[in-house]
Amino acid sequence: MLLHQIPPKPAYLRAKVLRRLNQLGALPLKNSAYLLPRTDETVEDTQWVCREISQEGGEAWVFECNPVAGLQDGEIREDFRRRREQDYRGLLETGRALLEAIGTRAAGAAQFRRLKQRYEEVRRIDFFGAPGSEEMEALMKTIDANLRGGERPLVKRPDLGEMQGRVWVTRRGIKVDRMGSAWLIGRFLDPTAQFRFVDPDEYVHREGEVRFDMFEGEFTHEGDLCTFEVLVAWSGWRDAALEAVAQVVHDIDLKDAKYGRPETAGIAAAIHGLTLRRAEDTARLEDGGALFESLYNHMKAETDAAA
């Protein structure tokens with residue numbers, strides 16, 4: 001929690017501090033009290049704000065705190081999500097208009113870069129997975145694919161026999177496709193796999209690493225296939241239960257109800273709840289792996305009974 005006392009002069013200081021706190025995604029409690037979830041980055045950010053206020057003759061303090069009365073953790077998280085939901089609504093409106101304009105060749109890469117920059121700014125301060133985040137992620141992939149004519153740079157994939165003990169890299173904030181793909185990799189392709197979760201704008205590819213669900217990655221979306229489906233097809237694994245899991249992942253990730261399996265809505269709700277409860281990717285990987293293992297066993301029982 002950041003508390004501040006800003007002097008009346010200079011007149012611009014209050015507006016400057018408010019703009020900076022909005023950029024950090026801070027949640028206002030009162031005019032002079034703001035909340036942020038505690039991370040190394042947010043602690044550093046609020047310390048910089050304190051310094052700026054002090055340098056202009058004001059006062060500011062940062063406290064690590066827990067709610068005791070009046071507010072609960074769940075209410076605070078919902079307040080954060082509501083603020084980011086509004087941001088996503090605006091982005092989705094802009095993105096849909098851009099996608100339509102691309103179809104008529106009235107827009108192109110420059111507009112997409114601006115949208116991507118704004119999307120990254122919102123995603124960085126979306127601490128608790130606001131509604132609209134997954135829809136926006138899918139829309140960005142669709143726009144990118146349309147701009148590239150459905151093509152992506154050719155990246156050489158390792159042979160299946162060379163997959164043991166690899167480091168698999170994907171974007172931070174894993175959700176359904178990345179969770180499912182990580183489970184698939186560890187379960188069927190590379191039991192000794194290690195995983196890294198990175199900021200794609202800062203990531204530098206290293207020798208021996210295999211990227212998934214990342215642009216220019218060895219394994220990512222192809223046409224209307226999600227990364228999970230691409231991995232299944234590439235592996236050549238013939239398993240009706242695994243293909244059923246892939247259909248669930250596809251419908252949740254791409255939101256096109258292509259397969260309409262009865263399990264999809266329940267798995268989507270479970271994953272949404274998991275991402276709200278688990279902020280760290282390693283924890284999401286562990287819980288998501290258990291969820292997908294259970295789904296696979298359910299599908300296995302269904303397909304075996306039908307055989």
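The model is predicted. The protein comprises 10 helices and 7 strands, and 42% of its 307 residues count as buried. A search of the whole structure returns 23 salt bridges.

**Overall form and charge**

- The C-alpha trace spans about 75 × 50 × 40 Å along the principal axes of the protein.
- The protein exposes about 16,700 Å², of which carbon and sulfur atoms supply 49%.
- Among contacts between residues at least 6 apart in sequence, 73% join residues at least 24 apart.
- The protein carries 44 positive and 52 negative side chains, and the centres of these two sets lie 5 Å apart.

**Salt bridges around Asp 213**

- Side chains of opposite charge can pair when their charged atoms come close.
- Lys 141 and Asp 213 form a salt bridge in which the closest N and O atoms are 3.5 Å apart.
- Because Lys 141 lies in helix H5 (residues 133–147) and Asp 213 in the loop between S7 and H7, this pair ties together parts that are 72 residues apart in sequence.
- Asp 213 also forms a salt bridge with Arg 178, where the closest N and O atoms are 3.4 Å apart.
- Arg 178 belongs to helix H6 (residues 176–189) and Asp 213 to the loop between S7 and H7, so the pair ties together parts that are 35 residues apart in sequence.
- Asp 213 has a relative accessibility of 2% and therefore counts as buried.
- Arg 178 likewise counts as buried, because its relative accessibility is 3%.

- Arg 261 forms a salt bridge with Glu 263, with the closest N and O atoms 3.4 Å apart.
- Arg 261 counts as partly exposed because its relative accessibility is 25%, whereas Glu 263 is buried, with a relative accessible area of 15%.
- Elsewhere, salt bridges that share partners join Glu 137, Lys 141, Arg 171, Arg 178, Asp 213 and Asp 253 into one network.

- Phe 219 is located in the loop between strand S7 (209–211) and helix H7 (227–235).
- The relative accessibility of Phe 219 is 0%, so this residue counts as buried.
- Beyond residues up to four places away in sequence, Phe 219 touches Arg 157, Met 163, Trp 168, Val 210, Arg 211, Phe 212, Asp 213, Met 214, Thr 227, Val 230, Leu 231 and Trp 234.
- One of these contacts is Asp 213, the salt-bridge partner of Lys 141.
- The C-alpha atoms of Phe 219 and Trp 234 are separated by 9.1 Å, the two residues being 15 residues apart along the chain.

**Arg 84 in helix H3**

- Arg 84 is part of helix H3 (residues 73–103).
- Arg 84 counts as buried because its relative accessibility is 7%, under the 20% cut-off.
- With its neighbours within four places in sequence set aside, Arg 84 is in contact with Gly 25, Val 122, Ile 125, Asp 126 and Ala 130.

**Negative surface patch**

- Asp 40, Glu 41, Glu 44, Asp 201 and Glu 202 gather in a patch of negative charge on the surface.
- Asp 40, one of these residues, is placed in helix H2 (residues 40–55).
- Asp 40 has 67% relative accessibility, over the 50% cut-off, and therefore counts as exposed.

Technical notes
Residues numbered from 1 in each chain as written. Predicted model: local features only at pLDDT ≥ 70, side-chain atom pairs only at ≥ 80, totals over all residues. Heavy atoms only, no water. Helix = DSSP H or I, 4+ residues; strand = E, 2+ residues; numbered from the N terminus. Buried < 20%, exposed > 50% of the residue type's maximum accessible area, 1.4 Å probe, protein only. Contact = heavy atoms within 4.5 Å. Patch = residues over 30% accessible without salt bridge, like charges linked within 9 Å, V, L, I, M, F, W, Y side chains within 5 Å. Areas by Shrake-Rupley, 256 points an atom, 1.4 Å probe, with all protein chains shown as cover. Salt bridge = Lys/Arg side-chain N within 4 Å of Asp/Glu carboxyl O. Lys, Arg positive; Asp, Glu negative; His and termini not counted. Charge placed at Lys NZ, Arg CZ, Asp CG, Glu CD.
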